[in-house]
Amino acid sequence: MIRDLFRYIATPAPPAQRRLGYLRDSIWLQSRARRCRAAWAPHLAASRDVMRAAIATCGRRDTVVVLGSGLLADIPLAALTDAFRRVVLVDAVHPLATRRAVRALAQVELLTADLSGAMALLTGHASDLKPCLPPVCAESGTDLVISANLLSQLPIRPVARLEGGRRAYGPWTPQDGDAFGRRIVEAHLADLARLSAQVCLVTDLDETEEDRAGHVVERHDLLYGVALGAPDHAWTWELAPFGEIARSRRLLHRVAGFTDWPP
């Protein structure tokens, strides 16, 4: 608790990220990653392997952009800095551990950005969603863009705020949660598809809650029905092992990895 409080106070974050809960989510994720490090290890390794495969097939290697860099646990940072002249890490919040990890790496830049396109809407500064990738993604020197375990995360905070409130945000009412989430997912994919750079996409697809007997208690589509096609790699991520959310329940995510998306 004390460690998390320190991180909350000390981590640089714009007012919108603090107000909307993105900073709190980042700190919560760090805590869960520490508690679940053994269960998460295969997923993190598989994510890094997909990104290394994308690096290997990338013809030009000037600039790489990582969307959703987070804690860097699923990012092969050394492979990126070895292969590319410039590495741009993009996220809503850059944790203190990430800032320390790249402090001595002159070729690495940290870019704070809203990749959901929802922050301006939720803070009253826009009339609708404005999904967009940072301009660096479309620069002529950008050769690889990695969407790193981000796609399913983009709608979580905006949908929760919409559904948990009593007011509309632009054209979206509290009853529009699923459509709102789907629009955010579709917009991110559409933006990626328009890029001339190679795109590496790693994302979880759905969540299964399972009991100790292996029976499925619940299943949720994390992409709101949006289909991605056949991935190059697929695996299961034990997001919450038994004891993390309940003694007799665990959460499993199906994950897909594309070295060159769309397939």
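Arg254 and Asp206 form a salt bridge in which the closest N and O atoms are 2.7 Å apart; a salt bridge is taken as a side-chain nitrogen of Lys or Arg within 4 Å of a carboxyl oxygen of Asp or Glu. The model is predicted, so local features need pLDDT of at least 70 and side-chain atom pairs count only at pLDDT 80 or more, while totals for chains, interfaces and linings use all residues. Residues are numbered from 1 along each chain as its sequence is written, and side-chain values use heavy atoms, with hydrogens and water left out.

The Arg254–Asp206 pair links distant parts of the chain, Arg254 lying in strand S8 and Asp206 in strand S5, 48 residues apart. Helices (H or I, at least four residues) and strands (E, at least two) are DSSP runs, numbered from the N terminus. Asp206 is buried, at 10% relative accessible area, whereas Arg254 is partly exposed at 45%; buried means under 20%, exposed over 50% and partly exposed in between (1.4 Å probe, protein chains only). A salt bridge also joins the side chains of Glu209 and Arg249 (3.5 Å, N to O). Here Glu209 belongs to strand S5 and Arg249 to strand S8, 40 residues apart. The structure holds 14 salt bridges. Among them is that of Arg85 with Asp62, with closest N and O atoms 2.8 Å apart.

Strand S1 has five of its five residues buried. Thr63, Val65 and Leu67 lie on one side and Val64 and Val66 on the other. In a regular strand the side chains alternate between the two faces of the sheet. S1 runs parallel to S2, to which five bridges join it; strands pair if DSSP finds at least two bridges between them. In this pairing Thr63 stands opposite Arg86. The chain passes from S1 through helix H5 (residues 77-83) to S2 in a right-handed β-α-β crossover, meaning that the path from the first strand over the helix to the second runs clockwise with the strands pointing away from the viewer. S1 also pairs in the parallel sense with strand S4 (residues 142-148), over five bridges, and Val64 stands opposite Leu144 in S4.

The largest nonpolar core has 45 residues, of which Leu67, Leu192 and Leu228 touch the most other members. Such a core is a set of buried Ala, Val, Leu, Ile, Met, Phe, Trp, Tyr and Cys residues joined through side-chain atoms within 4.5 Å. Helix H9 gives the most to this core, with five residues. Apart from it lies another core, of 34 residues, including Leu144 and Trp237.
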